[in-house]
Amino acid sequence: MRVGDRVPDFEVTDQRGATVRLSSLLENGRVVLFFYPRALTPGCTKESCHFRDLAAEFAEVRAQRIGISADPVERQQLFDEKHDLGYPLLSDPDRVVARLFGTKRFGPLGNKRVTFVIDTDGTLLGEVKSEIDMHAHGDAALRILREADAG
């Protein structure tokens, strides 16, 4: 997937057991979809909490934070409750969505750590990749959104 491409629609379950479609999320504003390897692990917790802490900044640029991993619904719910994340965590246990976005990896980690910034029309505005800098994803996604607003 490249900047400017239309992102494929998908349907999965969130941490509350509700069915969620990307197209429905986009009706409420731009989406920052971040794939993480495994809920409740140190790196993923640091990254997810950074997204949580940037809530006001994402609201300013009219964007929603959406986390996604191969974890089951119950683990996503525990992750949200334990860290008071306050945004949707999507469960993709068969890694169908990860395959669509090219983030599926083999082995126990499930997904590569990649963030996709998606405009309301489903166009990919930007992509962030970093396996080791847990703050890079939220910070770069904000930069991409601000540049889109300025452009």
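## Strand pairing

In this predicted model, strands S3 and S4 pair in the parallel sense, over six bridges. Within that pairing, Val 31 stands opposite Gln 64 in S4. S4 also runs parallel to strand S5 (residues 89-91), to which three bridges join it; here Gly 67 is placed opposite Leu 89. S3, for its part, is joined by five bridges to strand S6 (residues 114-118), and these two run antiparallel. Thr 115 in S6 is the bridge partner of Phe 34.

These pairings belong to an open sheet of seven strands with mixed pairing, ordered S2-S1-S5-S4-S3-S6-S7. Strand S2 (19-21) and S7 are the edge strands, each pairing on one side only. On average, neighbouring strands of the sheet are turned by 30 degrees against each other, direction ignored.

## Burial of S4

Strand S4 (residues 63-69) is largely enclosed by the rest of the structure, because seven of its seven residues are buried. Both of its faces are covered. One side carries Ala 63, Arg 65, Gly 67 and Ser 69, and the other carries Gln 64, Ile 66 and Ile 68, all of them buried.

## Helices on the sheet

Helix H2 packs on the sheet and touches S3, S4 and S6. The direction of H2 makes about 165 degrees with that of S3. Helix H6 lies across S3, S4, S6 and S7, and runs at about 155 degrees to S7.

H2 (residues 42-53) and H6 (residues 136-150) also pack with each other, at an angle of about 35 degrees and with their axes 8 Å apart. On the H2 side the contact is made by Glu 47, His 50 and Phe 51, and on the H6 side by His 137, Gly 138 and Asp 139. By class, these comprise one nonpolar, three polar and two charged residues.

## Nonpolar cores

The largest nonpolar core has 22 residues, of which Val 32, Tyr 36, Phe 58 and Leu 145 touch the most other members. S3 (30-35), H2 and H6 are the elements that give two or more residues to this core. H6 supplies the largest share, five residues. Leaving aside neighbours within four places in sequence, Val 32 is in contact with residues including Phe 51, Phe 58, Ile 66, Val 117, Ala 141 and Leu 145.

A second, separate core of 20 residues includes Leu 22, Phe 101, Val 114 and Phe 116. Phe 101 is located in helix H5 (residues 96-101). With a relative accessible area of 5%, which is under the 20% cut-off, Phe 101 is buried. Its contacts, not counting residues up to four places away in sequence, are Met 1, Val 7, Pro 8, Phe 10, Leu 33, Phe 35 and Phe 116. Phe 101 and Phe 116 are 15 residues apart along the chain, and their C-alpha atoms are separated by 8.8 Å.

Ser 130 is found in the loop between strand S7 (124-129) and H6. Ser 130 counts as buried because its relative accessibility is 15%, under the 20% limit. A polar atom of the Ser 130 side chain lies 3.5 Å from the backbone nitrogen of Ile 132. Not counting residues up to four places away in sequence, Ser 130 touches Arg 113, Ala 136 and His 137. His 137 is also one of the H6 residues that make the contact with H2.

Conventions:
Residues are numbered from 1 along each chain as its sequence is written. This is a predicted model: local features need pLDDT of at least 70, side-chain atom pairs count only at pLDDT 80 or more; totals for chains, interfaces and linings use all residues. Side-chain values use heavy atoms; hydrogens and water are left out. Axes are lines fitted to C-alpha atoms, for helices over the stretch in contact, and angles run from 0 to 180 degrees between N-to-C directions. Helices (H or I, at least four residues) and strands (E, at least two) are DSSP runs, numbered from the N terminus. Contact means heavy atoms within 4.5 Å. Ala, Val, Leu, Ile, Met, Phe, Trp, Tyr, Cys and Pro count as nonpolar, Asp, Glu, Lys and Arg as charged, and the others, Gly among them, as polar. Buried means under 20% relative accessible area, exposed over 50%, partly exposed in between (1.4 Å probe, protein chains only). A polar contact is a pair of N or O atoms within 3.5 Å; within protein, one must be able to donate a hydrogen and the other to accept it, and residues adjacent in sequence count only if both atoms are side-chain atoms. A nonpolar core is a set of buried Ala, Val, Leu, Ile, Met, Phe, Trp, Tyr and Cys residues joined through side-chain atoms within 4.5 Å. Two strands pair if DSSP finds at least two bridges between them.
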